[in-house]
Amino acid sequence: MSTHADNHQADSAVATEPAGVETVESYEVDGGVVLFDAENPLAWVETTEAVSVQEAV
């Protein structure tokens, strides 16, 4: 979500994101969040260990 005042900040954040992030979407489930590639929603990986997004970057 952005406002007119934040548009410049949003544009600069996009420029620093790793390749492939632009098609990532998410939804909430009980006890977590599911991240998926909107261009290939059937591709998935299951894990028993959660890693914060900041740790993975």
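What percentage of the 57 residues in the protein do buried residues make up? In this predicted model, local features need pLDDT of at least 70 and side-chain atom pairs count only at pLDDT 80 or more, whereas totals for chains, interfaces and linings use all residues. Residues are numbered from 1 along each chain as its sequence is written, and side-chain values use heavy atoms, with hydrogens and water left out.

Buried residues (under 20% relative accessible area; exposed, over 50%; partly exposed, in between; 1.4 Å probe, protein chains only) account for 2% of the 57 residues. The protein exposes about 5500 Å² (Shrake-Rupley method, 1.4 Å probe), of which carbon and sulfur atoms supply 54%. It contains 2 helices and 2 strands (DSSP runs of H or I, at least four residues, and of E, at least two), in the order α-β-β-α along the sequence.

Val21, Val24, Val33, Leu35, Val53 and Val57 make a nonpolar surface patch of about 550 Å². A negative surface patch is formed by Glu17, Glu22, Glu25, Asp37 and Glu39. Val21 is partly exposed at 30% relative accessibility; Glu22 is exposed at 63%.

The whole structure has 1 aromatic pair (ring centres within 6.5 Å; planes under 30 degrees apart stacked, over 60 edge-to-face, the rest tilted). The ring centres of Tyr27 and Phe36 are 5.8 Å apart and their planes lie at 55°, so the pair is tilted. Tyr27 is partly exposed, at 45% relative accessibility.

Conventions:
Patch = residues over 30% accessible without salt bridge, like charges linked within 9 Å, V, L, I, M, F, W, Y side chains within 5 Å. Salt bridge = Lys/Arg side-chain N within 4 Å of Asp/Glu carboxyl O. Lys, Arg positive; Asp, Glu negative; His and termini not counted. Charge placed at Lys NZ, Arg CZ, Asp CG, Glu CD. Phe/Tyr/Trp six-rings, centres within 6.5 Å; stacked < 30°, edge-to-face > 60°.
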